[in-house]
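Biologist: Please take me through this model, and tell me how to read each feature as we go.

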Number of protein chains: 2
Amino acid sequence: MANDNKMNLVILGLLDHEDLTGYDIKKRIDGSLRYFWKGSFGSIYPALSSLEENGLIKRVKSKSNASGRERIVYSITSEGRESLLGWLTESKSSNSLKYETLLKVYFGGAADNVAAIATINEFEKEVEADLAVLRTYKDNLSKVLNERDHVFYYLTVIFGIETYEAYLRWCSEAKRILLDRKYMGNKR
Amino acid sequence: MANDNKMNLVILGLLDHEDLTGYDIKKRIDGSLRYFWKGSFGSIYPALSSLEENGLIKRVKSKSNASGRERIVYSITSEGRESLLGWLTESKSSNSLKYETLLKVYFGGAADNVAAIATINEFEKEVEADLAVLRTYKDNLSKVLNERDHVFYYLTVIFGIETYEAYLRWCSEAKRILLDRKYMGNKR
DNA sequence: GGATTATATATCAATTTGATATATCGTGCA
DNA sequence: TGCACGATATATCAAATTGATATATAATCC
């Protein structure tokens, strides 16, 4: 069906739970999904159009009449659900990680250690803030694991916690190493 | 200078160490950088052209003459080095993570637990293989940390180890949770 | 009442992906 | 000697994505 692009699948997955507008989808991506996924309006709206054209989703409400703000609510179709299921049962996945932070550390030899330490500090600050949020999510979800859907959300939350804690351990260790060698032969 | 796209910076960082061809750059990205960065030929060659046009890099050798295979070796210029340094001293970085694995787990409620477990198993297998490689890198680098450049490489390697170990802990825990609830209310 | 923020869709240039095309070089092996 | 195969090497393309911007209405705050 050639609908194997990632945004299509994110949309199908979200619509499988509830009807949503493009704007709602963006909020979900920036909310629950933010610890393992990213996406922008520039890919959401074209994906919605293409999915609708192919009959995988349909619009259920669209109020652009009279004095109403335009608002297009989409719903998944049975074809869409089928496509989602096909994707979920392919166990092969491709994960794309691009850490600008690590890139700066890798090339850090071209500047002094202070620059690399500042980069790590900035990263550490963000991770600490996110980790605090993830921990409250975990506490709340722990109480409702009797509902099946919550279990899957819970699994992604503990993934975030596990990896963010790893980030923090690395930040400490990396800064320690850089400080220990602060005056080590610097080209500049 | 508007040369703030990511591939430009990867290229400048790599050329700061040694002269390289586009193909060499791809090998470095798929080699030492692969645990925290990705990039394809389709972005490397256009970036090389644009960097050359703007005087941040220059070609030092180019053998397309007579019976020679075409081979364009690039070198960084002082303007390029300046641009690299400017980027390295901006501590703000943007990290883009897209785990298809986690997306499938998050939407896992639409299929049975077996599908999610298979997805996790596949991920676990790849992580284990990569982790073994990272550990040998670490062992080898540990012996040469007296050279400054090795320190920065070492830091990215221990980042990989720390996060990959976190992935494996999560895989075990996630599978345990899913197996415990294997027969929990499945829509299908 | 006026300012600001949230809701909402849409588009654009620039970048990136993933695939494909093309051609040469080096190595193993039969 | 030939020839198949993998590595080297550049380049391009459609499709997807980013990050920004434009436009407009609704809700909230002071």
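Modeller: A salt bridge here is a side-chain nitrogen of Lys or Arg within 4 Å of a carboxyl oxygen of Asp or Glu. Keep in mind throughout that the model is predicted.

Biologist: Which residue forms a salt bridge with K6(A), and how far apart are the closest N and O atoms?

Modeller: The partner of K6(A) is E100(B), with the closest N and O atoms 3.2 Å apart. K6(A) sits in helix α1 of chain A and E100(B) in helix α5 of chain B, so this pair joins two chains.

Biologist: How many salt bridges does the rule find across the interface of chain B and chain A?

Modeller: The rule finds eight across that interface. Over all chains the count comes to 30. Another salt bridge links the side chains of R169(A) and E162(B), at 3.0 Å from N to O.

Biologist: Which elements of chain B supply at least two residues to the side that touches chain A?

Modeller: They are α1 (6-15), α4 (78-88), β3 (95-99), α5 (100-106), α6 (113-142) and α7 (148-180) of chain B. The largest share of that side, 20 residues, comes from α7(B). Sorted by class, the side of chain B that touches chain A has 38 nonpolar, 18 polar and 21 charged residues.

Biologist: How is the size of an interface often given?

Modeller: It is often given as the accessible area that is lost when the parts come together. In this model chain B and chain A bury about 7,900 Å² between them, and 65% of that is on carbon and sulfur atoms. Counted by residues, 77 of chain B are in contact with 77 of chain A. As for polar contacts, there are 38 residue pairs between chain B and chain A, with both residues at pLDDT 80 or more.

Biologist: Do the strands β3 of chain A and β3(B) run parallel or antiparallel, and how many bridges join them?

Modeller: Two strands are taken as paired if DSSP finds at least two bridges between them. Strand β3 (residues 95-99) of chain A is joined to β3(B) by five bridges, and the two run antiparallel. Within this pairing, L97(A) has L97(B) as its bridge partner.

Biologist: Now the DNA. How many residues surround DNA strand D, and which are the closest?

Modeller: There are 23 residues around DNA strand D, the closest being G42(A), Y23(B), Y45(B), R71(B) and I72(B). By class, this surface has five nonpolar, nine polar and nine charged residues. Its largest share, four residues, comes from α2(B).

Biologist: What part of DNA strand D do the atoms within 4 Å of the protein belong to?

Modeller: Of those atoms, 68% belong to sugar or phosphate and the rest to bases. For R71(B), a polar side-chain atom lies 2.2 Å from a phosphate oxygen of DNA strand D.

Methods: Residues numbered from 1 in each chain as written. Chains lettered and ligands numbered in written order. Predicted model: local features only at pLDDT ≥ 70, side-chain atom pairs only at ≥ 80, totals over all residues. Heavy atoms only, no water. Contact = heavy atoms within 4.5 Å. Buried area = accessible area lost by both parts, 1.4 Å probe. Polar contact = N/O pair within 3.5 Å; in protein donor to acceptor, adjacent residues only side chain to side chain. Nonpolar A, V, L, I, M, F, W, Y, C, P; charged D, E, K, R; others polar. Near = heavy atom within 4 Å.
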